[in-house]
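Please look over the sequence and the model below before reading on. The paragraphs that follow go through the structure step by step.

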Amino acid sequence: LDFGLLCSVQKTHSQAMMAMVVHLAGQQWVDMVQDLRDLDLVKADTSSGEVAKELERGLGLKRGVRTQDLTLKNLAGTLSRLAIKFRFTLPEYYTLIIRALASLEGIALQTDPDFKLVGAAL
């Protein structure tokens, strides 16, 4: 599935990823930015308010999209655009995790064309 690529994730990063899912579900953007900080992605001098506003805008939730209807592509694309704009620091495992999740979502989509990994995680 992942071509044998393995990685280790710090416990604090694992906890921040779980918190991020909870904050995404609740559309708690400032808290989600803190999760990104806890993942060591967002630098301390980056404005939480600006990143939170861009998260909400990028995910389309202002336009009535429900959190459970987000696609992994939309979430990953938004985070990638924010990473460039706000100069996120990406840990070495970031690409491996996104690739593994995309593979899992792709397999699920073969069975259910309406499957949403984000919705399943919520």
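By about how many helical turns are Arg 57 and Glu 54 separated in helix H3? The two residues are three apart in that helix, so about one helical turn lies between them. An α-helix has 3.6 residues a turn, so residues three or four places apart point the same way. The model discussed here is a predicted one. In it, Arg 57 and Glu 54 form a salt bridge, and their closest N and O atoms are 2.8 Å apart.

Glu 54 also takes part in a salt bridge with Lys 85, at 3.1 Å from N to O. Glu 54 belongs to helix H3 and Lys 85 to helix H4, so this pair ties together parts that are 31 residues apart in sequence. The structure holds two salt bridges, and Glu 54, Arg 57 and Lys 85 are linked in a network of them. Side chains of opposite charge can pair when their charged atoms come close.

Glu 54 counts as buried because its relative accessibility is 17%, and buried means under 20%. Arg 57, at 41%, counts as partly exposed. Lys 85 counts as exposed because its value is 51%, and the cut-off for exposed is over 50%.

The next topic is how the two helices meet. H3 and H4 pack at an angle of about 145°, and their axes are 9 Å apart. The crossing of H3 past H4 is right-handed. On the H3 side, the contact is made by Val 51, Glu 54, Leu 55, Gly 58 and Leu 59. On the H4 side are Asn 74, Leu 75, Thr 78, Leu 79, Arg 81, Leu 82 and Lys 85. Sorted by class, the contact has six nonpolar, three polar and three charged residues.

In soluble globular proteins, nonpolar side chains tend to be buried together. The largest nonpolar core here has 24 residues, and those with the most contacts inside it are Leu 24, Leu 36, Leu 55 and Phe 88. Helices H1 (11-25), H2 (29-38), H3 (48-59) and H4 (72-85) each give two or more residues to this core. Apart from neighbours within four places in sequence, Phe 88 is in contact with Leu 36, Leu 41, Val 42, Val 51, Leu 79, Leu 82 and Ala 83.

Helix H2 has several buried residues: Trp 29, Met 32, Val 33, Asp 35, Leu 36 and Arg 37. Their cover includes H1, H3 and H4. Ala 16 lies in helix H1 and is buried, with a relative accessible area of 5%. Leaving out residues up to four places away in sequence, Ala 16 touches Asp 35, Asp 38 and Leu 39.

What follows H2? Just after this helix, Asp 40 takes a positive phi of about 65°. Further on, Thr 46 sits in the loop between H2 and H3. Is Thr 46 buried or exposed? Thr 46 counts as buried because its relative accessibility is 11%, and the limit for buried is under 20%. With neighbours within four places in sequence set aside, Thr 46 is in contact with Arg 37, Val 51 and Phe 86.

Key:
Residues numbered from 1 in each chain as written. Predicted model: local features only at pLDDT ≥ 70, side-chain atom pairs only at ≥ 80, totals over all residues. Heavy atoms only, no water. Core = buried A, V, L, I, M, F, W, Y, C linked by side-chain atoms within 4.5 Å. Buried < 20%, exposed > 50% of the residue type's maximum accessible area, 1.4 Å probe, protein only. Helix = DSSP H or I, 4+ residues; strand = E, 2+ residues; numbered from the N terminus. Contact = heavy atoms within 4.5 Å. Axes fitted to C-alpha atoms, helices over the stretch in contact; angles between N-to-C directions. Left-handed = near helix turned anticlockwise from the far one by under 90°. Nonpolar A, V, L, I, M, F, W, Y, C, P; charged D, E, K, R; others polar. Salt bridge = Lys/Arg side-chain N within 4 Å of Asp/Glu carboxyl O.
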